[in-house]
Amino acid sequence: MTARTLLQPADITRALTRISHEILESQGDDSIAGLVLLGIPTRGVALAKRIGALLDELAPGSAATGSLDVTMYRDDLAGQPTRAPSPTQIPAGGIDGKTVVLVDDVLYSGRTIRAALDALADHGRPRAVRLAVLVDRGHRELPIRADFVGKNLPTSAEEKIRVRLDEVDGAEYVEIIGGAK
Amino acid sequence: MRHLLSTRDLDLEAAVGILDVAEDMADVATREVKKLPTLRGKTVINLFFEDSTRTRTSFELAAKRLSADLINFSAKGSSVSKGEGLKDTAQTLAAMGADAVVIRHSASGAAQVLAESDWIDASILNAGDGTHEHPTQALLDAFTMRKRLHGNASRGRDLDGLRVTIVGDILHSRVARSNVWLLRTLGAIVTVVAPATLLPSGIDNWPVTIGYDLDAAVDDGPDVVMMLRIQAERMHAAYFPNTREYSREWGLDDDRLRRLRPDTMVMHPGPMVRGLEISAAAADSSRSTVLEQVANGVSIRMAVLYLLLASEGGAL
């Protein structure tokens with residue numbers, strides 16, 4: 001198995017900075033106060049915190065950040081070993097009437113995001129839901145797309161994308177494993 | 001493992017794992033929509049040959065919060081009262097397509113018989129079998145202790161060094177047995193206190209210290225005092241002279257309550273007989289965890305149902 005590094009720490013930071021600017025622009029005249037960033041465990045939570053910190057620097061008022069566990073909403077629970085759920089933390093202001101930005105590391109089949117949309121509906125009724133991902137590797141199985149993408153990586157289904165972040169793994173890179181060449 | 005029959009089968013990792021999943025399940029109760037779609041399409045059957053309020057409704061609520069379909073089956077008003085045996089009942093439920101059977105039975109080992117038989121393919125959850133085990137009660141007790149000790153920082157922790165004193169009818173208590181095994185696995189130090197007539201033979205092999213004097217046990221400053229009910233329905237002989245004497249010697253009365261440390265937990269699995277094993281003041285004091293135990297019971301049973309049913313192989 002060959003592993004090829006695709007993103008270095010500086011690339012990851014640059015991608016997140018660009019995503020933060022794009023999120024801010026998309027808000028238009030709305031204040032940042034109506035924004036809630038929800039990371040999907042495990043690495044999405046770390047990414048949501050980073051984007052939240054970047055938004056803090058860019059605009060007055062701070063975006064609320066939290067986490068949204070989707071384990072109990074997955075459609076593939078029966079087929080694999082039972083996953084232990086992670087905590088869900090919805091910011092104190094709730095999500096009713098807010099613009100929620102879901103944050104995840106890799107967008108692939110879209111099934112995690114479908115589960116996240118179901119989970120979100122049980123916590124309240126946001127004004128709008130957006131999706132930010134560090135890597136979009138294609139191969140969607142559902143009509144879902146990301147609004148903010150750090151890096152588009154065309155891949156084959158045989159390849160694996162591995163994301164490592166300092167907060168979670170103590171290392172920082174994105175690499176592609178296996179496949180041709 | 002596909003069944004939950006005994007806390008003896010759980011190692012430390014599995015036990016802490018169940019408690020951690022229960023933490024997440026407890027969060028569901030605080031949400032706007034108190035329901036998860038996780039077990040949609042699964043059928044859970046409550047098969048109760050003995051009376052129960054807490055355990056049956058708790059399993060029912062847990063299954064419903066996870067979107068499973070639940071059917072209550074109690075011996076009264078069923079074909080069991082016409083003479084149907086466990087085998088035929090089980091095969092009937094299997095034919096109806098049950099994914100899990102929650103069973104309570106007056107015979108020790110009933111759940112195990114069901115699990116090892118080829119009568120039914122479902123996951124079996126022991127909700128109390130005779131004087132043998134009641135694993136979800138022990139799990140919710142451990143969850144309650146951990147929550148009182150560590151609050152929101154409970155995840156991943158065991159009960160290392162916690163001093164737990166279990167008082168009362170040990171002989172007939174499946175709650176005591178399940179608690180002894182689980183608490184030992186979690187690292188707690190268990191003392192049982194009871195009249196000699198209410199201790200089982202073979203208790204010398206349990207990982208516990210045995211005491212006969214409740215006053216000494218109280219003055220020893222335990223972290224947890226767990227009071228057990230006198231199970232009159234299982235008593236076919238005279239184990240103590242009369243209830244007043246039992247209450248005086250072995251009951252947690254107001255005086256003993258006063259002598260406990262302010263942060264000592266007073267636990268009771270219910271149903272309580274106020275004035276016999278526990279005084280009203282003790283049952284209603286801020287040290288009492290009785291209602292927390294009930295609330296936590298739902299979270300624990302959700303966790304167990306999830307771990308046994310969500311994945312095809314089961315994960316316990």
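This is a predicted model: local features need pLDDT of at least 70, side-chain atom pairs count only at pLDDT 80 or more; totals for chains, interfaces and linings use all residues.

Student: OK. How many residues of chain A are in contact with chain B?

Tutor: On chain A, 15 residues are in contact with 16 residues of chain B. The chain A side of that contact has 8 nonpolar, 5 polar and 2 charged residues.

Student: Now domains. Which stretches make up the domains of chain B?

Tutor: The assignment gives domain 1 as 7-133 + 294-309, and domain 2 as 135-289. Taken over C-alpha atoms, the centres of domain 1 and domain 2 of chain B are 25 Å apart.

Student: And how many residues of the two domains are in contact?

Tutor: In chain B, 26 residues of domain 1 are in contact with 25 residues of domain 2. On the domain 1 side, the elements that give two or more residues are α1 (12-28), β4 (123-129) and α11 (290-309) of chain B.

Student: Which element gives the most there?

Tutor: That is α1(B), with 8 residues. By class, the domain 1 side that touches domain 2 in chain B divides into 10 nonpolar, 8 polar and 8 charged residues.

Student: Switching to helices: at what angle do α5(B) and α6(B) cross?

Tutor: Roughly 55°, with the axes of α5 (residues 135-150) and α6 (residues 174-185) of chain B coming within 8 Å. The two helices, α5(B) and α6(B), are therefore oblique to each other.

Student: Is that crossing left-handed or right-handed?

Tutor: The crossing of α5(B) and α6(B) is right-handed. Residues making the contact include Leu139(B) and Ala142(B) of α5(B), along with Leu182(B) and Leu183(B) of α6(B). By class, this contact has 7 nonpolar, 3 polar and 1 charged residues.

Student: Which residues make the contact?

Tutor: From α2(B), among them are Phe59(B), Leu61(B) and Arg65(B), and from α11(B) they include Val298(B), Arg301(B) and Met302(B).

Student: What about the classes in the contact of α2(B) with α11(B)?

Tutor: The contact of α2(B) with α11(B) has 8 nonpolar, 2 polar and 3 charged residues.

How values were computed. Residues are numbered from 1 along each chain as its sequence is written. Chains are lettered from A and ligands numbered from 1 in the order in which they are written. Two residues are in contact if their C-beta atoms, placed from the backbone, lie within 7 Å. Ala, Val, Leu, Ile, Met, Phe, Trp, Tyr, Cys and Pro count as nonpolar, Asp, Glu, Lys and Arg as charged, and the others, Gly among them, as polar. Domain bounds come from an automatic or database domain assignment. Helices (H or I, at least four residues) and strands (E, at least two) are DSSP runs, numbered from the N terminus. Axes are lines fitted to C-alpha atoms, for helices over the stretch in contact, and angles run from 0 to 180 degrees between N-to-C directions. Angles under 35 degrees count as roughly parallel, over 145 as roughly antiparallel, 65 to 115 as roughly perpendicular and the rest as oblique. A crossing is left-handed if the near helix is turned anticlockwise from the far one by less than a right angle, and right-handed if clockwise.
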